[in-house]
Amino acid sequence: MPENIAVKVNGVAVLVAPGTSAAAAVILAGFAACRASVTGAPRAPLCGMGICFECRALVNGVAHTRTCQVTCQPGMVISTDAA
Amino acid sequence: MPREERCRILIVGVGPAGIAAACAAAEFDDSVAVLDDNPAPGGQIWRGEENPRIAQLRDSRARVFSGTRAIAPLGGGSFLAEKDGEPVLFHYEKLILATGARELFLPFPGWTLPGVTGAGGLQAMVQCGLPIAGKRVVVAGTGPLLVAVATHLRERGAMIEAIAEQAPRRCLLRFGAELWRAPGKIVQALGFEWTLRGVPRFTDAWPIAAHGENCVKAVLLETRRGARLFPCDDLACGFGLVPNVELAALAGCELHGGFVAVDEWQQTSLDGVLCAGEPTGIGGVDRSIVEGRIAGYAAAGRRDRARKLFAARRRLHAFSAVLTRCFALRDELRHLARADTIVCRCEDVPLRNATEHPTARSARLHARCGMGACQGRVCGPALDFMLGWTEPAGRARPPLYPVSMATLAAACEEEPTHV
């Protein structure tokens with residue numbers, strides 16, 4: 001068994017399986033949304049393939065990262081708007 | 001100076017068509033490269049899995065650049081890409097576009113709630129670790145993808161509450177009768193049916209509203225017996241596929257009916273630029289593989305090898321035509337959104353602000369509809385269908401995706417011809 005990977009979402013530590021996307025880590029950490037829309041509504045991934053931009057979040061300090069296309073790495077820090 | 005990569009044959013997209021093209025080309029050419037924006041090869045359909053074709057690519061001479069996004073053609077056999085926020089310039093002699101397709105999403109009240117996803121979209125997310133076991137899922141939309149997705153999710157422990165196919169029952173029966181063209185698909189379909197036994201299935205059915213506060217809690221489905229409410233944790237909706245033609249359009253390839261026009265060698269209207277798979281016509285994985293191989297052989301100068309695949313391609317094109325006929329979208333789907341339903345999710349533009357305008361361009365300029373980060377990839381095709389909007393020149397603008405300033409600066413150092 002490959003070892004699980006420790007990441008943090010909005011300060012919440014979560015262990016994820018290798019290959020898990022940052023988008024999935026957000027849900028696994030107990031958050032329903034990745035970003036707040038321009039009118040403040042919660043939004044979560046729609047397309048799952050990097051075209052809709054609904055999964056945007058701050059990943060390791062980089063804003064507007066498409067979390068559905070980023071694979072979790074040890075120590076990754078993810079912050080969502082909606083938290 | 002940005003990093004530069006040179007090759008004779010460059011392929012954009014490493015799904016079924018791109019993998020097939022790369023493997024075919026690499027049989028005869030030692031300078032083949034393929035790039036793709038996802039973390040690993042496979043495209044959408046083989047995401048997160050290992051299979052013999054992906055293994056074949058790994059064993060081939062082709063170089064694979066994953067996590068690398070095509071940003072803008074620069075003319076003169078080069079284009080700009082971006083990896084980890086840094087620019088990369090690719091130089092090539094022959095270019096094969098295998099950019100695949102995305103799902104068509106149609107707006108209806110509640111479709112912006114977290115938990116409402118694409119059908120293929122939910123499958124892709126589950127393949128990347130999204131937990132689905134024990135979740136109640138409704139799958140809605142159209143096409144064989146719905147059943148494939150529902151099967152995949154049920155195998156991973158999801159409770160499929162309903163599958164709603166918008167096409168009429170007679171169209172599904174006709175589709176079933178046409179499957180003799182593809183015997184492999186019959187076996188696959190029987191497997192799906194076995195896994196999905198006991199799941200409520202509807203034809204002539206579609207979502208009319210998703211309910212919930214901060215995430216979806218239930219969906220109201222229109223069925224032949226009237227509207228029915230289904231509680232759910234996820235609502236996966238796919239109304240067919242939209243070809244990703246933006247890069248081809250930006251490069252200057254001619255489009256025909258929204259698809260990239262190609263000749264028998266998969267050659268586009270631009271010399272040295274080929275195209276394979278969904279951008280030339282929606283037809284699924286088998287068609288993509290055959291077209292990819294033809295393009296790969298043709299680009300490597302082995303027309304003899306390419307020609308041997310023409311008969312297979314003809315059969316698969318006939319199957320594409322059946323798909324298109326059987327799963328045509330019904331008129332009712334044009335009117336799911338209400339005046340206050342958001343149509344452009346990036347800029348939160350409600351339908352009423354879009355319908356004030358006669359064209360997509362006007363809606364973009366005056367209502368910001370399609371001006372957000374996705375650059376109209378979601379609302380554009382939806383509004384084309386709902387309002388009959390079309391943009392003859394395509395809506396693609398450089399850069400194809402939002403990029404870092406470093407990448408933008410690299411584009412300015414080069415002399416663009418089509419930009």
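In this predicted model, I begin with a pair of residues in chain B: Val219(B) stands opposite Phe230(B), which belongs to strand 16 of chain B. The two strands concerned, strand 15 (residues 218–223) and strand 16 of chain B, pair in the antiparallel sense over six bridges. They are part of an open sheet of three strands in chain B, in the order 14-15-16, with antiparallel pairing. Strand 14 (206–211) and strand 16 (226–231) of chain B stand at the edges with a single partner strand each, so one side of each has no neighbour in the sheet. From one strand to the next, the twist averages 25 degrees.

Asp204(B) lies in the loop between strand 13 (201–202) and strand 14 of chain B. Its phi is near 50 degrees, a positive value in a residue other than glycine. Most residues other than glycine have a negative phi.

I turn now to strand 17 of chain B, residues 234–238. Five of its five residues are buried. Asp234(B), Ala236(B) and Gly238(B) point one way, while Leu235(B) and Cys237(B) point the other way. In a regular strand, the side chains alternate between the two faces of the sheet. Strand 17 of chain B runs parallel to strand 10 (residues 116–117) of chain B, and two bridges join them; here Thr117(B) has Ala236(B) as its bridge partner. Strand 11 (residues 136–141) of chain B also pairs with strand 17 of chain B in the parallel sense, over five bridges, and Val137(B) stands opposite Asp234(B).

The next element is strand 2 of chain B, residues 9–12. Which of its residues point which way? Ile9(B) and Ile11(B) point one way and Leu10(B) and Val12(B) the other, and all are buried. Strand 2 of chain B pairs in the parallel sense with strand 3 (residues 32–35) of chain B over four bridges, and the bridge partner of Val12(B) in strand 3 of chain B is Leu35(B). Together with helix 1 (residues 16–28) of chain B, these two strands make a right-handed β-α-β unit. Strand 2 of chain B also runs parallel to strand 8 (residues 94–97) of chain B, joined to it by four bridges; Leu10(B) stands opposite Leu95(B) there.

As to the domains, the assignment for chain B gives domain 1 (3–102 + 242–324), domain 2 (107–238) and domain 3 (331–387). The C-alpha centres of domain 1 and domain 2 of chain B lie 30 Å apart. Seven residues of domain 1 of chain B are in contact with eight residues of domain 2 of chain B. On the domain 1 side, these divide into three nonpolar, two polar and two charged residues.

Next, helix 13 of chain B, residues 379–387. Its buried residues are Cys379(B), Gly380(B), Pro381(B), Ala382(B), Leu383(B) and Met386(B). What covers them? The cover includes strand 18 (241–243), strand 22 (342–344), helix 11 (351–355) and helix 12 (360–367) of chain B. Just after helix 13 of chain B, Gly388(B) takes a positive phi of about 75 degrees. Further on, in the loop between helix 13 and helix 14 (405–413) of chain B, we find Pro399(B). A cis peptide bond joins Pro398(B) and Pro399(B), with omega of about -10 degrees. Most peptide bonds are trans.

Finally, chain A. Phe53(A) is found in the loop between strand 4 and strand 5 (56–59) of chain A, and its phi is near 65 degrees, a positive value in a residue other than glycine. Phe53(A) counts as buried because it has 25 C-beta neighbours inside 10 Å.

Conventions: Residues numbered from 1 in each chain as written. Chains lettered and ligands numbered in written order. Predicted model: local features only at pLDDT ≥ 70, side-chain atom pairs only at ≥ 80, totals over all residues. Buried ≥ 20, exposed ≤ 12 C-beta atoms within 10 Å, placed from the backbone. Contact = placed C-beta atoms within 7 Å. Pairing = 2+ DSSP bridges. Axes fitted to C-alpha atoms, helices over the stretch in contact; angles between N-to-C directions. Domains from an automatic or database assignment. Nonpolar A, V, L, I, M, F, W, Y, C, P; charged D, E, K, R; others polar. Right-handed = clockwise from strand over helix to strand, strands pointing away.
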